[in-house]
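Have the sequence and the 3D view open as you read.

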Amino acid sequence: MMGKTHRAGAVLLAFPMLFPVFKLTNASPTDAAAISLFLAGSFLTSRLPDVDQTYSGVGRKLWIVSWIIAVFHAFFQFIYVLTMQKLKWLKRLTKASGHRGISHTLFIWVLFCLVLTGIYRILANQLPLSDLHTQWLQIFFIGMGFGYLTHLILDYFSGSLRPFEPFSSKKCGTRVIPTNSKRENMLRNLFFLADILLFIKTYDFLFPIFSYIKAFSSQLIP
């Protein structure tokens, strides 16, 4: 899927996760900062797995990582051709280093979450943060981990991926929503609309104007 769809979808999927995350972290459900940090974390990493494409938006921003992956992919592909395409393990490495390869796996997602946990603990221990600010930091990092996962979930519906690499090369997924198709454009617009409505519903306690909009819309749509 395209980057805009991933961002809008990540925010939409993040809203229903607010309750369990806040229950886990003992955060207040009316803490606007905590809500915003979780949504921002999910938004921030929603495109990260596409770093395996040098021409993608996140690939251009993290170009060093993107080009390292591209070099490995080209190397494995070159050796695979030289060996007359006879080595199955080399074929597997070639595919794993390409688009929707290792960066689109649950294994890398778990590693990413472990790295985030380590960074969070270092910051929480080293910085003079209050309990509230430590809570906010934790919620933000949980959001980042969740945002990465939403990318894999959405890509499942736009083609095949190998989520269980390096343990299994089994393909999963369906092309019910082809990338950059009219169907995806329609889905993205629905995501944006749902995001707006959920923002109005979630933040109406903070911004009274949202309450007025919600009241007005309820009269139009009984």
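A residue is called buried when its relative accessible area is under 20%, exposed when it is over 50%, and partly exposed in between. Keep in mind that this is a predicted model.

With that scale in hand, go to Tyr156: its relative accessible area is 37%, so Tyr156 is partly exposed. Phe157 comes out at 35%, so that residue is partly exposed as well.

Now for the rings. A pair of aromatic rings is described by the distance of the centres and the angle of the planes. The pair count here is nine, taking ring centres within 6.5 Å. One of these pairs joins Phe72 and Phe76: the centres sit 6.1 Å apart and the planes meet at 35°, so this pair is tilted. Both residues belong to helix H5 (residues 63-82), and because they are four residues apart there, about one helical turn separates them. Phe72 is partly exposed at 47%, whereas Phe76, at 17%, counts as buried. Tyr156 and Phe157 pair up too, with centres 5.2 Å apart and planes at 80°, so they are edge-to-face. Back in the phenylalanines, ring pairs tie Phe72, Phe75 and Phe76 into a cluster.

Last stop: Ser46, in the loop between helix H3 (32-45) and helix H4 (57-61). Beyond its neighbours within four places in sequence, Ser46 is in contact with His6, Arg7, Ala10, Gly147, Thr150 and His151. Its side chain also reaches the backbone oxygen of Phe43, at 2.9 Å.

Methods. Residues numbered from 1 in each chain as written. Predicted model: local features only at pLDDT ≥ 70, side-chain atom pairs only at ≥ 80, totals over all residues. Heavy atoms only, no water. Helix = DSSP H or I, 4+ residues; strand = E, 2+ residues; numbered from the N terminus. Contact = heavy atoms within 4.5 Å. Polar contact = N/O pair within 3.5 Å; in protein donor to acceptor, adjacent residues only side chain to side chain. Phe/Tyr/Trp six-rings, centres within 6.5 Å; stacked < 30°, edge-to-face > 60°. Buried < 20%, exposed > 50% of the residue type's maximum accessible area, 1.4 Å probe, protein only.
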